[in-house]
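Hello,

Here is the structure you are taking over.

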Amino acid sequence: MGKNKIVVCLMTAVLLLVLALAELILIQRENVPFSVEVASQGGSERIECWREDGCYYVFLPTYAQPEQVKLVTNPLFPVWIEGKRVESGTVCGEFPFEEALSLTYQKWGKTYEQTVFFCQSTNVPTLYIDTASGSMDHIHQEKGNAEAGSLRLYTPEGTLDCGAQIRAINGRGNATWETEKKPYSVELTQKADLLGMGQAKKWILLANRYDNSNIANKMCFDFAAAVGCAYTPQCQWVDLYLNGEYAGLYLLSERNEVDDQRVDIAQNGSFLLSMEFEDRWDGTNYSAFFSRYGNLLRIHHDGMGEDRLREVWQSAEDAICSEDGLDALTGKSWDELIDVESWARQYLMWEVFAEYDAGCISKFFYYDPQEDRVFAGPLWDMDNILNRCELHPANILAAQRKYIWNRDEESLFYRLYQKEEFRDTVKRLYREEYRPRLLELAERGMEEYLTQCLPAARLNRIRWEMPAPAEEVTRMEQYLKERVEFLDEYWTSEEDYCVIEVSMGPQWRSFAVRRGETAEFLPSEGVNWVDYETGEPFDVTTPVTRDRVIQKIDDAQ
């Protein structure tokens with residue numbers, strides 16, 4: 001054999017070894033014995049198995065045709081499913097779905113006996129994101145870390161809705177960021193219309209990690225848009241794959257920003273703010289300021305200069321909080337400085353759904369120079385609703401609570417609710433627009449949302465070990481019926497109510513109680529309640545005859 005032939009043979013052998021090792025890296029990450037290749041419009045997508053407690057899961061997107069989904073194996077590591085040797089090119093359609101199948105594979109001389117499940121989503125689009133590094137490790141290390149990358153978005157039918165380059169993907173959120181299933185912000189290099197939601201560069205991927213139902217944010221956003229809350233973000237469920245690994249069911253949403261496709265007001269002379277929690281602001285580089293009444297306002301858009309921005313906001317806040325409803329500096333009335341109906345609509349969204357952070361965290365406001373008023377909105381962050389968090393009986397006053405962080409400052413929306421015109425607007429909108437839709441939602445609307453996302457939610461539940469969404473939705477439906485019944489009586493009857501303000505740790509809660517009835521909705525076992533001022537015991541079984549301010553005894557100062 002000539003030298004040239006020997007060199008060629010050696011080079012070929014080396015190349016084959018390199019290819020085998022490359023394939024090994026791709027499909028043996030974390031001891032995964034094979035991956036799958038899903039035929040997609042104009043190409044294919046590689047999806048890795050997910051391993052959990054000795055079981056492997058193949059999570060297929062909605063549009064996948066099992067008879068066209070090919071297994072990808074490494075010839076160095078033989079694989080058998082249900083006793084049948086499988087090789088690259090074997091299709092998933094040969095195996096039953098949603099069943100535990102025996103999986104055998106050999107690696108480095110050892111034989112492993114495991115179980116594999118083939119699962120498929122239904123009804124929702126599919127979003128693939130690949131980072132430049134091929135990993136999410138750097139992004140997950142710290143919320144501010146970002147990477148470039150690319151995305152492909154497919155409709156449930158398999159049509160490529162968008163292929164785009166990502167300028168940056170990074171973490172976002174507060175409490176959710178501390179969980180394993182993390183939310184993300186995505187900025188594209190060019191504007192794109194994702195799933196018909198309008199041209200934009202910036203998009204949000206909400207993890208909904210604390211929402212076992214998977215429907216809360218989407219349901220509330222859709223509801224808000226239907227009742228006329230301006231610029232409510234559009235959103236769509238998607239199955240998210242990060243670098244080929246199934247990441248779960250996410251909500252792809254518009255971002256609240258001043259733009260002709262989002263909050264469509266003039267760039268100049270306008271602002272977009274959100275109320276935030278001081279502890280979440282510390283250590284960030286967000287532009288923000290404290291108002292005279294202790295509200296922390298994050299500046300998302302400033303088209304007028306910060307001095308003028310503060311002046312406009314403070315004028316409206318001063319008028320709302322003053323006894324005569326006037327801003328002492330300008331002499332203008334509170335209802336001249338704010339758009340009353342938009343504030344009433346936002347108030348109602350928080351109140352009827354008993355939103356946990358009503359009126360204080362991630363609540364947006366904007367100033368439209370053409371209208372020369374401050375508007376409430378757009379809506380945001382509605383996953384903690386309908387008694388999902390700690391103590392939320394049906395008689396809670398979620399948005400009307402008097403105190404939020406401490407008793408030194410009364411909440412802005414409590415002050416607003418003391419004004420007769422605002423109360424009348426709230427009651428009218430509730431009666432004419434909100435109540436009919438709420439009853440429809442409680443009767444059958446939530447089930448329709450659940451039906452739409454249930455197959456995808458089932459895969460998400462496996463991936464993240466979450467409770468069954470159907471149980472959560474049933475509980476939410478019952479709570480909403482009780483909530484409407486309470487609000488009907490509170491806002492339309494002649495019943496006389498007392499209000500109990502309760503210190504619940506970092507935040508306060510308010511509850512309405514018919515005069516002469518008890519506060520037995522408060523937990524009593526192992527809990528001692530006391531009067532906030534005197535420290536005298538408060539008995540939840542004693543009829544309430546006046547407004548009270550109470551707290552747990554271990555919270556007493």
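**Salt bridges and rings**

R548 counts as buried because its relative accessible area is 16%; buried means under 20%, exposed over 50% and partly exposed in between, with a 1.4 Å probe and protein chains only. The model is predicted, so local features need pLDDT of at least 70 and side-chain atom pairs pLDDT 80 or more, while totals for chains, interfaces and linings use all residues. Residues are numbered from 1 along each chain as its sequence is written, and side-chain values use heavy atoms, without hydrogens and water.

R548 forms a salt bridge with D531 at 3.3 Å, N to O. A salt bridge here is a side-chain nitrogen of Lys or Arg within 4 Å of a carboxyl oxygen of Asp or Glu. D531 is also buried, at 9%. The structure holds 31 salt bridges. Another one joins E341 and R428 at 3.3 Å. E341 is partly exposed at 32%, and R428 is partly exposed at 29%.

For the rings, the count is 38 aromatic pairs. Rings of Phe, Tyr and Trp (its six-membered ring) pair if their centres lie within 6.5 Å; planes under 30 degrees apart are stacked, over 60 edge-to-face and the rest tilted. F221 and W380 have ring centres 5.8 Å apart and planes at 20°, so this pair is stacked. Both F221 and W380 are buried. Ring pairs also link a cluster that includes Y57, F59 and Y63.

Regards
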